[in-house]
Amino acid sequence: MEEEREERFGAGRVLLESDTIPQADEELWTDDSGADHTGWFCVSTAPFPCPAAGCSFVAEFMTAAHLILVWQERDDPNLLRHAQRAKEVARNPRVVAYETAFGPSASYYAWEASGRPVHGIRGK
């Protein structure tokens, strides 16, 4: 059985596999599907800074690589799980309909299928 080690960053936690070596990510991941996610759902939160060293980006939604994560269904179990996590760290989450004016978006499932990249850390 592989052991996992826990690293703490502020109020959140990141779990890294024991054989994963974090490396600086030179380029942010993009959802290149070109899909229009207007009317899908996202999680609005209290503002929080990007955890990558030296990055000044401040998110107001649940994001991955600075893209707003969106779900097609308001009651998607993964959306609700992420909203619950945001609530546990006092980010005041609210499920809202996504609008393009919020900023660039990515489907949660496209992000997950691409290996769940985040800004500043790249896995194996």
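**Close-up views of a predicted model**

**View 1. Ring pairs link Trp71, Tyr108, Tyr109 and Trp111 into a cluster.** This is a predicted model, in which local features need pLDDT of at least 70, side-chain atom pairs count only at pLDDT 80 or more, and totals for chains, interfaces and linings use all residues. Residues are numbered from 1 along each chain as its sequence is written, and side-chain values use heavy atoms, with hydrogens and water left out. Rings of Phe, Tyr and Trp (its six-membered ring) pair if their centres lie within 6.5 Å; planes under 30 degrees apart count as stacked, over 60 as edge-to-face and the rest as tilted.

**View 2. Tyr98 and Phe102 form an edge-to-face pair.** A search of the whole structure finds five aromatic pairs. In the pair of Tyr98 and Phe102, the ring centres are 5.9 Å apart and the planes stand at 80 degrees, so the pair is edge-to-face. Tyr98 is buried, at 4% relative accessible area, whereas Phe102 is partly exposed at 31%. Buried means under 20% relative accessible area, exposed over 50%, and partly exposed in between (1.4 Å probe, protein chains only).

**View 3. Tyr108 and Tyr109 also form an edge-to-face aromatic pair.** Their rings lie 5.0 Å apart, centre to centre, with 90 degrees between the planes. Tyr108 counts as buried, with a relative accessibility of 0%. Tyr109 counts as partly exposed, with a relative accessibility of 39%.

**View 4. Arg91 lies over the face of Phe48.** The distance from Arg91 to the ring centre of Phe48 is 3.8 Å. A charge sits over a ring if NZ of Lys or CZ of Arg is within 6 Å of the ring centre and within 35 degrees of the ring normal.

**View 5. Three strands form an open sheet with mixed pairing, in the order 5-6-8.** Strand 5 (63-64) and strand 8 (105-107) are the edge strands, each pairing on one side only. Strand 6 (residues 67-70) pairs with strand 8 in the parallel sense over three bridges. Val70 stands opposite Ser107 in strand 8. Two strands pair if DSSP finds at least two bridges between them. Strands of a sheet pair through backbone hydrogen bonds, either parallel or antiparallel.

**View 6. The chain comprises two helices and eight strands.** From the N terminus on, the elements run β-β-β-β-β-β-α-β-β-α. Helices (H or I, at least four residues) and strands (E, at least two) are DSSP runs, numbered from the N terminus. Buried residues make up 31% of the 124 residues in the chain.
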